[in-house]
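Subject: Structure handover, salt bridges

Hello,

Here is the structure for you to look at. My notes on its charged side chains follow below it.

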Amino acid sequence: VAAAAQPIGTPAPHPAVCVYIAASLDGFIAPADGKLDWLDDYPAESFGYGEFVAGIGTIVMGRKTYDQIAERGGWPYPTKRTYVLTSRPLRGAPTGVKAVSNLPQLVQRLDPRVGGDLWVMGGGRTIGSFLQHGAIDRLDLFVIPVMLGRGSRLFEDSRRRGRLTLLGVQSWPNGVVRLSYRIG
Ligand SMILES: NC(=O)c1ccc[n+]([C@@H]2O[C@H](COP(=O)([O-])OP(=O)(O)OC[C@H]3O[C@@H](n4cnc5c(N)ncnc54)[C@H](OP(=O)(O)O)[C@@H]3O)[C@@H](O)[C@H]2O)c1
């Protein structure tokens with residue numbers, strides 16, 4: 001799919017802690033049944049994912065997201081250092097994948113200068129935890145032109161308020177819109 005006008009402008013400072021995520025227009029990152037097929041017509045590769053992921057050194061994801069990816073088999077991020085937020089042990093995790101239970105400690109110890117940017121992949125609970133700690137620099141939100149009605153929310157209730165700086169807007173003929181913000 002060809003990108004339309006209005007390319008992403010000022011880049012975020014690098015290295016950065018990034019959220020890079022797709023959400024339905026009504027604010028869900030997964031439908032109630034957890035299935036991923038709602039994104040079949042909108043493959044991430046069409047929207048600059050390859051370039052983004054090449055710049056990532058470290059991934060952080062929540063346990064629910066990890067379990068879903070691991071279930072599919074064939075770990076897709078063998079070259080990335082990966083932390084899974086969870087209060088439960090991770091058995092048989094792929095090489096390079098580590099369980100962490102203490103988010104403030106993780107945030108303190110993570111050094112995004114080591115090997116590229118840091119991607120807080122999701123889901124909503126994990127992103128919410130990072131936002132709560134003021135630990136996100138950049139948010140790239142891909143608004144998918146579908147309504148899911150129910151499901152996992154991108155943003156749960158949060159005690160954190162604040163303004164964001166728009167870095168750029170990009171749109172595609174199939175209705176996907178990328179909103180890029182700097183946080184803080
Ligand atoms: N649209 C997209 O691009 C996208 C991207 C990523 C994920 N998703 C979807 O998001 C859904 C999952 O989202 P979710 O919000 O329900 O779950 P999630 O964030 O993936 O995982 C939640 C779990 O992570 C652990 N966790 C989260 N915050 C923590 C903290 N501060 N400290 C310790 N542990 C913490 C807990 O695990 P324990 O229960 O083990 O303590 C919690 O139950 C999935 O359906 C996935 O497909 C969509």
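Which residues are linked in a network of salt bridges? They are Arg138, Asp140 and Arg178. A salt bridge here is a side-chain nitrogen of Lys or Arg within 4 Å of a carboxyl oxygen of Asp or Glu.

Before the details, note that this is a predicted model, in which local features need pLDDT of at least 70, side-chain atom pairs count only at pLDDT 80 or more, and totals for chains, interfaces and linings use all residues. Residues are numbered from 1 along each chain as its sequence is written, and side-chain values use heavy atoms, with hydrogens and water left out.

The structure has three salt bridges. Strands are DSSP runs of E, at least two residues, and helices are runs of H or I, at least four, numbered from the N terminus.

Asp140 is buried at 2% relative accessibility, Arg138 is buried at 9%, and Arg178 is buried at 12%. Buried means under 20% relative accessible area, exposed over 50%, and partly exposed in between (1.4 Å probe, protein chains only).

Another salt bridge joins Arg63 and Asp67 at 3.1 Å, N to O. These two are four residues apart in helix α2 (residues 63–72), which means about one helical turn separates them. Arg63 is buried at 14%, whereas Asp67 is partly exposed at 27%.

Regards
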